[in-house]
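The following paragraphs go through a single protein chain, from its overall make-up to a few local features. Please keep the sequence and the model in view while reading.

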Amino acid sequence: MAPSNPSAKSASALPSSAPPASSTSPRPAADLSEGTGRAAVDPGHRSPGRVLAATSLGTLLVILLTSGLNIASPAVRATFDAGGTAIGWVLSGYTLAFAMLSLTGGALADRFGARRIFLLGLGVFAAFGLVAAAPGVAWVVVGVFGQGAGAALVLPSALALIRFVYLDVPHRLSWAIGVWAGANAVGAALGPVICGAIVSVASWRPMFVLVAVLAVAFGLIGRPALPLLRGGRARLDLPGLLVMVVLLGLVAFLAHDWRALPGWAVAGCCAGIVVALWSFRRVELRADAPMLPMSQLRDVVFRTNAAVTVLGTGAFFGMLYLVSMALQDRLGLSAFVAGVGLLPLAAGNLLTALAAGRIIGRLGVRGAMILGSVLLVAALGPMPLLFGHYTLLIAPLVVAGAGWGLLVPTTSAAGLARARAGQEGVASGVTAGGRELGAALAAALLLPLGVGAGIWTAAAVGLLSLAAVVARIRAVG
């Protein structure tokens, strides 16, 4: 079955617009165009449902730790009597590494094959999970950074695999991305509950051991189901990857520690960011096979979608972090009970994520993105006034979760829809990296503001995201 017309604005066909070479002729089941950077595939291993299940499990696990670390951080702080900076790196290190290396993970998936990078990412995630369980706060920091690096390999390769196996059934792709987004929602919901339960019953170390064991198990379960893809023939753009890692690292470090840095260090970091931006443009213009072509960055919708991903994620995770802390500090709940208290957030999240295909079909990607942003902002606005009693928070948590449940699949679909042929992994990496960068910046910039000011600032960030969608995103397909 041939993919639909790339210019169609039907939501179900939107993400299939990237590979134009395949839109004029049927695609053989076991052979793909070398021009898209893909090669022979075993037809027996192309069951879309099995691939969706395997990739969703891996996604669920790496997202689980994003929210679970927040619940566990007070216990880590108590164990080591560590200062705020060290604990800040335990909380932020995972999302920082995730954000810095997601684009690299996408490029590696395009170069070496999404299946190989997905399984490698789970292996790295498992190995560093054991490191994080070792004695000493330095080991914890190294471990969470390593786990973030593994997660940065898992997420973009998972989305690239899903897109690949659903190219022949493009009317199901929006639904599949919605299910994958639902795995994001379940992971974010289960993180505080599972990690909170382990911390309350035992300690935080078994938490890291558990996620390591699950990563190995999910890798072994998923390995037979994933399509046997070879990567593209182009060389890896190592200079571009290096400059991008430096750029994102400087941004994340400055956001995390600017309050503690002297003025000359802040100025030096800002200058380094400007130099890195200039260097990246020069490197990509000169590269034979650029990791992120300038033509891709000149695409207004692609660029705006990346910004919306960062802003929307920052608004949502800023609220999530602050509410998680407030449930324990203000309402006196245990880590486990606080995790359970966040389940309404997950309920709304999962509901709209699974219904995203139908919602996008009715409203289009842009309309669904606007609806998600409106719901998120509407929930965050009154939330700081409702911490007198937990029951008052239930409705805003459900609405905020519903908004986020629409933003994840719509930004993912829009990023894939605007991807150049053979660079689906990089496009997925931009979206995944933007999401994690938004979460990392939220932890660094919003947590110090406290619950009231922090959540209202998150609402303002959500308004910026909404304005960007309304003003700059038009046709996606």
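In the protein chain, 83% of the contacts with a separation of 6 or more are between residues 24 or more positions apart, a contact being heavy atoms within 4.5 Å. This is a predicted model, in which local features need pLDDT of at least 70 and side-chain atom pairs count only at pLDDT 80 or more, while totals for chains, interfaces and linings use all residues. Residues are numbered from 1 along each chain as its sequence is written, and side-chain values use heavy atoms, with hydrogens and water left out.

The chain averages a pLDDT of 80, and 86% of its residues score at least 70; pLDDT is the predictor's confidence in each residue, from 0 to 100. Over residues 1-45 the value stays under 50, although the model has 95 contacts beyond four places in sequence for them. Where pLDDT is low, the predicted coordinates should not be read in detail.

The chain has 16 helices and zero strands (DSSP runs numbered from the N terminus: helices are H or I with at least four residues, strands E with at least two). Of its 477 residues, 59% are buried (buried means under 20% relative accessible area, exposed over 50%, partly exposed in between, with a 1.4 Å probe and protein chains only).

The largest nonpolar core has 115 residues, of which Val62, Tyr94, Phe208, Met319, Val323 and Leu380 touch the most other members. Helix 4 (residues 137-165) supplies the largest share of this core, 15 residues. A second, separate core of 24 residues includes Leu241, Leu248, Val426 and Ala427. Such a core is a set of buried Ala, Val, Leu, Ile, Met, Phe, Trp, Tyr and Cys residues joined through side-chain atoms within 4.5 Å. Beyond four places in sequence, Val323 is in contact with Leu342, Met383, Phe387, Leu397 and Ile455.

One salt bridge is found in the whole structure, where the term stands for a side-chain nitrogen of Lys or Arg within 4 Å of a carboxyl oxygen of Asp or Glu. The side chains of Asp299 and Arg418 form this bridge, at 3.0 Å from N to O. The partners are 119 residues apart: Asp299 is in the loop between helix 9 (294-297) and helix 10 (300-329), and Arg418 in the loop between helix 14 (394-417) and helix 15 (424-445). Asp299 counts as buried because its relative accessible area is 10%.
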